[in-house]
Amino acid sequence: MTTPICIFLYCRNETYTMVQKQVQQESLSSSVFLTLLVEQHNKPSYSVHFYPYNMGEFTEYIADSLSDDSIQSEDSDIEVEDSDSDVVPRRRSRAVPLQYSSDSDDLSDSEMFTESHSYTESWSDVDKAPNIPDFIAESGPKILPANKQSIKEIVEMFIGNDLFQLMVNESNIYYHQNKDKMCKGKKVSKRNDVSLAEMKKFLGMIVLMGQVKKDRKDDHWSSEFYTKTPSFSTVMSRNRFRQIWDTWHFSNNRTTAGSNKLEKIQPILSYLLDEFKSVYTPKKELSLDESIIPWRGKLSIKTCNPAKIIKYGLLCRMLCEATSGYICNMEIYCADGKKLDQTIMSLLDKNIGLGYHVYMDNYYNSIRTAELLLKNGTRVCGTIRANRGVPESMKHIRLKTGDYTFKRKNEI
């Protein structure tokens, strides 16, 4: 973003004056003025929204071709005095800023917990052996495939025919509800209801498209000698793939209430999480952290975190087995005002009271979190922020390499 700024500052001097005289002499439009200005700097790859000379009128920069981000003026009502200008500032939709993130500012207790609390100093320098309860869960697989070398049988442990049948039923229901709208004014081939076998082929082809990348979906059915991929047309015709794609659905629109932002995909998400929990019981050590599903399209629950490599996407709170990364539970962030302690307890779910040890970063961890989980037979380990109940004597301490200090408060 620094290059357009440098161009602007430089244009205020010799180049701006030179190009401005040329525009005035030849009566050129402001769009031509912009083109001449950019060409003068030999920067054709940059698109700059430029307003003559006044810094206050320079309201928007457009980043280079490596980024889709834009920086918009904080004043949405700003007006440009030059009404004859052909350059109009673009208004682009922005993702909702992420309120809850491990890189965000410190949260207050009212944002973290459902009940208010005042920290009391009852810390001691006397250490004692903690009373760690036994781990009573029976970790390991609950279901084993007949052939442990068969990928098909392992996949069927998590994805059964009932999931495919759900997609088949909902897709057919959606088509019959909207077939009049879909066929109006169009020449479309007759559509039969989707079968279970077709849905499996359809999903398999979507997975394969991730391996065989083309510019457009239809290019996978190309008959050109150098670009054709005959496996796609052999499995399913292009028109049939389009028909299923246009009506692919997971829930009935007429039964959704609109209160849950995830209700369109909730049946699939709930099914997969239930399977993850029923197939495998995690070991003693669990990890609580965040993950991002990259997405730059239009979505009300899309988050933006400039501090991350993946800046835009769906934020997922995930509880995983620490050693293997196996997903035990997850929640997609929907900006619904849920408190942090509610999120932690709902993620732990059935793992509460079994003697699990949860490892977390300083976003989730606090003295109150540790106390809450200790009451429920779960222990915590992780980094912590200074304003999360840390003793006053330890907030500003500076340690050298190899040094340590501690305070104890009952089992914490």
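The structure holds 13 salt bridges, a salt bridge being a side-chain nitrogen of Lys or Arg within 4 Å of a carboxyl oxygen of Asp or Glu. This is a predicted model, in which local features need pLDDT of at least 70 and side-chain atom pairs count only at pLDDT 80 or more, while totals for chains, interfaces and linings use all residues. Residues are numbered from 1 along each chain as its sequence is written, and side-chain values use heavy atoms, with hydrogens and water left out.

| Salt bridge | N to O distance |
|---|---|
| Glu198 and Arg240 | 2.8 Å |
| Asp219 and Arg216 | 3.2 Å |
| Arg242 and Asp218 | 2.3 Å |

Glu198 forms its salt bridge with Arg240. This pair links distant parts of the chain, 42 residues apart, with Glu198 in helix α7 (residues 196-211) and Arg240 in helix α9 (residues 238-247). Helices (H or I, at least four residues) and strands (E, at least two) are DSSP runs, numbered from the N terminus. Arg240 is buried, with a relative accessible area of 11%, whereas Glu198 is partly exposed at 21%. Buried means under 20% relative accessible area, exposed over 50%, and partly exposed in between (1.4 Å probe, protein chains only).

Arg242 and Asp218 also meet in a salt bridge. This pair too links distant parts of the chain: Arg242 is in helix α9 and Asp218 in the loop between α7 and α8 (230-235), 24 residues apart. Arg242 is partly exposed at 33% relative accessibility, and Asp218 is partly exposed at 23%. In the pair of Asp219 and Arg216, Arg216 is exposed, with a relative accessible area of 53%.

The axes of helix α6 (residues 161-183) and helix α10 (residues 266-279) come within 11 Å and cross at roughly 180°. Axes are lines fitted to C-alpha atoms, for helices over the stretch in contact, and angles run from 0 to 180 degrees between N-to-C directions. The two helices α6 and α10 are therefore roughly antiparallel to each other (an angle over 145 degrees). Asp162, Leu163, Leu166 and Met167 in α6 meet Pro267, Ile268, Tyr271 and Leu272 in α10, contact meaning heavy atoms within 4.5 Å.

Phi is near 55° in Ala335, a positive value in a residue other than glycine. Ala335 lies in the loop between β9 (327-332) and α11 (340-348) and is partly exposed at 44%. Asn410, in the segment after β11 (379-382), has phi near 55° and is exposed at 61%.

Note on methods: Angles under 35 degrees count as roughly parallel, over 145 as roughly antiparallel, 65 to 115 as roughly perpendicular and the rest as oblique.
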